[in-house]
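Here is a short briefing on the structure shown below. The points are grouped by topic.

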Number of protein chains: 2
Amino acid sequence: MTPLFRFFEQYNPLTDAAKTAIQAISTTQTIKKGHDLQPIGHTCRTIYFIQKGMARIYYYKDDVDITESFAFENQIIARVESLFSGKASRKGIQMLETSEVIAINATQLFRLYDTFPDIERLFRKIFEAGYVETVNRIESLQFHSAEERYRDLLQTSPNILQRVPLKHIAAYLGITPVSLSRIRAQH
Amino acid sequence: MTPLFRFFEQYNPLTDAAKTAIQAISTTQTIKKGHDLQPIGHTCRTIYFIQKGMARIYYYKDDVDITESFAFENQIIARVESLFSGKASRKGIQMLETSEVIAINATQLFRLYDTFPDIERLFRKIFEAGYVETVNRIESLQFHSAEERYRDLLQTSPNILQRVPLKHIAAYLGITPVSLSRIRAQH
DNA sequence: TCGATTTCTTATCATTTGTAAAGAATTGCC
DNA sequence: GGCAATTCTTTACAAATGATAAGAAATCGA
């Protein structure tokens, strides 16, 4: 479990008691490539930490498969809009590689907030950082061209091309695969 | 100050001591229409509650004025990407109407988190809700047409047309004013 | 109130992106 | 390895959006 707590430490220190408490509500899972870690339709009650592999959050808009976001090793993934609203999510989490994840039971985690202020603070900071990323993504989608967004993505995740089919990248950028092909063609 | 605490109560109850502590780091300001509540370039160290009036967060992309978001009375407004990262913001807050706001000193607020867990929890929940909204906005920008986004906006803020120039609405939707005019023309 | 400024619309043309379809390339699986 | 399925690219055409400019409408300030 060390990679997880190394990740946590970047945000907020935890007492040993807090670490033990988090471990008690966490389990390790291995999921095969292409399989759903969480299917579309349920309320999000689990926060995942990816130890190895990668995943995407996806949903359907008019029968078209849309990728909302990617997550790589040593990152947290959760369907925030469901986790914090209690509403069922129209989104699912699919593994893009055979992966090993740590599943943290969010219902129990939120209960720990009362006993362990450092845990509440830790996740506050983690999600604040996620919030910042999301705000920056809005800026990108709002007024950067598809080509700029593609270049930005390559900058941020240089190895994404080796790991993710272009159709998912296209959907993530908000364009069609055909459009992405065109952008890539004009080298 | 009651509207502010009424707003807070929707998210998390506060002890009287906590309320007093928040009041001690808050001041009321009146800003004229068109003026900047916060100029572009500084690190965001203030969280505002709009008692009366409205505002927008804006920035420049290639000399074009972009509206990132609007905020109306009884809402919080802050440049989140700067507040939580400590980096200077390329964004400013401009009042779209002569407004009355409550300015909460964020530096002092974050210090209160250590003494008043209920305050930390309150703002955690407020920003979690903001995070959810932002995630939903991504979905809208990623794969809804400009016309859909316009209709959605009217649904959410029916009176926005009476309060905000169309050029800002266009920028918010991620299109040019000319494009918005066209969408509106085809009734 | 009136003139000046800003905002909004309309028109034209260029560019970008989408759709559909077909073939090439790659990947997956037995 | 080799076949099937999937993914990717390319092409042609349609639709949406951007850029520019000019005029109409609304707003602002003295």
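How many residues lie between β4(A) and β5(A) in their hairpin? There are 2 residues between these strands, and Asp62(A) in the turn has a positive phi of about 50°. This is a predicted model, in which local features need pLDDT of at least 70, side-chain atom pairs count only at pLDDT 80 or more, and totals for chains, interfaces and linings use all residues. Residues are numbered from 1 along each chain as its sequence is written, while chains are lettered from A and ligands numbered from 1 in the order in which they are written.

- Helices (H or I, at least four residues) and strands (E, at least two) are DSSP runs, numbered from the N terminus.
- Strand β4 (residues 55-61) of chain A runs antiparallel to β5(A), and 7 bridges join them. Strands pair if DSSP finds at least two bridges between them.
- Within this pairing, Tyr60(A) stands opposite Asp65(A) of β5(A).
- β5(A) is mostly covered, with 6 of its 8 residues buried. A residue is buried if 20 or more other C-beta atoms lie within 10 Å of its own, exposed if 12 or fewer, and partly exposed in between, with C-beta atoms placed from the backbone.
- Asp62(A) sits in the loop between β4 and β5 of chain A. It is exposed because 6 other C-beta atoms lie within 10 Å.
- Most residues other than glycine have a negative phi. Asp62(A) has a positive phi, near 50°, and is not a glycine.
- In chain B, Asp62(B) lies in the loop between β4 (55-61) and β5 (64-71). Its phi is also positive, about 50°, although it is not a glycine. Asp62(B) counts as exposed, with 6 C-beta neighbours inside 10 Å.

- Two copies of a chain are related by a rotation about an axis and a shift along it.
- Chain A superposes on chain B by a rotation of 180° with 0.0 Å of shift along the axis, at RMSD 0.0 Å. That is the relation of a two-fold axis. The C-alpha of Tyr131(A) is the nearest to the axis in chain A, at 2.7 Å.
- Copies are superposed by least squares on the C-alpha atoms of residues with pLDDT of at least 70 in both.
- The contact takes 27 residues from chain A and 27 residues from chain B. On the side of chain A that touches chain B, β5 (64-71), α3 (80-83) and α5 (117-143) of chain A give two or more residues. α5(A) has the largest share, 19 residues.
- By class, that side of chain A divides into 12 nonpolar, 6 polar and 9 charged residues. Ala, Val, Leu, Ile, Met, Phe, Trp, Tyr, Cys and Pro count as nonpolar, Asp, Glu, Lys and Arg as charged, and the others, Gly among them, as polar.
- The copies meet through the same surface, because 100% of the interface residues of chain A are also interface residues in chain B. Residues are in contact if their C-beta atoms, placed from the backbone, lie within 7 Å.

**Surfaces near the DNA**

- Around DNA strand C there are 15 residues, and Ala146(A), Ser179(A), Pro165(B), Leu166(B) and Ala185(B) come nearest. A residue is near a strand if its C-beta atom, placed from the backbone, lies within 6 Å of it.
- α9 (177-185) of chain A, and α8 (166-173) and α9 (177-185) of chain B, each supply at least two residues near DNA strand C. α9(B) gives the most, with 6 residues.
- The surface near DNA strand C has 8 nonpolar, 4 polar and 3 charged residues.
- DNA strand D is surrounded by 16 residues, the closest being Leu166(A), Ser181(A), Ala185(A), Ala146(B) and Ser179(B).
- Near DNA strand D, the largest share, 7 residues, comes from α9(A). The classes there are 9 nonpolar, 4 polar and 3 charged.

**The nonpolar core**

- The largest nonpolar core has 93 residues. Those with the most contacts inside it are Tyr48(A), Ala55(A), Ile77(A), Tyr48(B) and Ile77(B).
- Such a core is a set of buried Ala, Val, Leu, Ile, Met, Phe, Trp, Tyr and Cys residues joined through C-beta atoms within 7 Å.
- Not counting residues up to four places away in sequence, Tyr48(B) touches Leu37(B), Ile76(B), Ile77(B), Ala78(B), Val101(B), Ile102(B) and Ala103(B).

Technical notes:
Two residues are in contact if their C-beta atoms, placed from the backbone, lie within 7 Å.
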